[in-house]
Amino acid sequence: MSKDAVVSSRQRMRADARRNFDRIVAAAGTLIAEHGAEASLEEIARRAEVGSATLHRHFPTRRALLEAVFEDRVKTLCTKADDLLTAPDPGEALFTWLRAVGTHAAANRGLGASLMRGGGDPALGRTCHDMIINAGERLLVRARAADAVRPGIAVIHLLKLVGAISLATEQEPDGPAEADRLLALAIDGVRPR
């Protein structure tokens, strides 16, 4: 099922079906954060308090479910960026968002890589990538105007840095805390001298 088909069918859902859809995506997101992209579909259905048939009616394939979780997380990050556009300190707004991106990357636990295996939906990947870049760019422009970041820093560099930190710490017992410490060091290097 294509992403457009999932979105279109979601828009036409009855209220109870939409609640089930949302509960499945939320449960899948939690279990992916705990166990990675190969989280048990049966456990996802159990945590969402729906039957396996309901899960498969909404998401006929694991990939469709993973794409819904990934897209939902990206939209949440973009909403956070939009909310931070009115923060009084543009530099702190950017850095707060980068920490949220780090949390997002840590919670994905192989989700992005799993979606890319076997071809993935290039449109979804491109759309999500563009959404993140644009959201970060808006925050970076504000931070630059306030002289809160060094010149020459591009949003793609910041996102690669956050991704690398997340990847380097995801297998550590205290991975999220270590990622936050490393990100704090990186952010210090982004600030103007």
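**Entry 1: a pair across the chain.** I looked up Arg-191 and Glu-92 and found their side chains meeting in a salt bridge, 3.2 Å from N to O. For a salt bridge I required a side-chain nitrogen of Lys or Arg within 4 Å of a carboxyl oxygen of Asp or Glu. Arg-191 sits in the segment after α10 and Glu-92 in helix α6, so this pair ties together parts 99 residues apart in sequence. Helices here are DSSP runs (H or I, at least four residues), numbered from the N terminus. Arg-191 counts as partly exposed at 29% relative accessibility, and Glu-92 is partly exposed too, at 30%. My cut-offs were under 20% relative accessible area for buried, over 50% for exposed, and partly exposed in between (1.4 Å probe, protein chains only).

**Entry 2: a note on the source.** I am reading a predicted model, where local features need pLDDT of at least 70 and side-chain atom pairs count only at pLDDT 80 or more, while totals for chains, interfaces and linings use all residues. Residues are numbered from 1 along each chain as its sequence is written, and side-chain values use heavy atoms, with hydrogens and water left out.

**Entry 3: other salt bridges.** How many salt bridges does a search of the whole structure find? I got 9. One of them joins Asp-16 to Arg-14, with the closest N and O atoms 2.9 Å apart. Asp-16 is partly exposed at 33% relative accessibility, whereas Arg-14 is exposed at 57%. Next I checked Arg-144 and Glu-137, whose side chains meet at 3.8 Å, N to O. Arg-144 is partly exposed at 32%, and Glu-137 is partly exposed at 28%. I also found a network of salt bridges linking Glu-34, Glu-43, Arg-46 and Arg-47.

**Entry 4: the nonpolar cores.** Which residues touch the most other members of the largest nonpolar core? They are Leu-94 and Trp-97, in a core of 34 residues. By a nonpolar core I mean buried Ala, Val, Leu, Ile, Met, Phe, Trp, Tyr and Cys residues joined through side-chain atoms within 4.5 Å. Helices α5 (62–84), α6 (90–108), α8 (122–145), α9 (155–169) and α10 (175–190) each give two or more residues to this core. Apart from this core lies another, of 22 residues, including Ala-27, Ala-39, Leu-55 and Leu-65.

**Entry 5: around Leu-94.** Leaving out residues up to four places away in sequence, I listed the contacts (heavy atoms within 4.5 Å). Leu-94 touches Gly-136, Leu-139, Leu-140, Ala-143, Val-149 and Leu-158.
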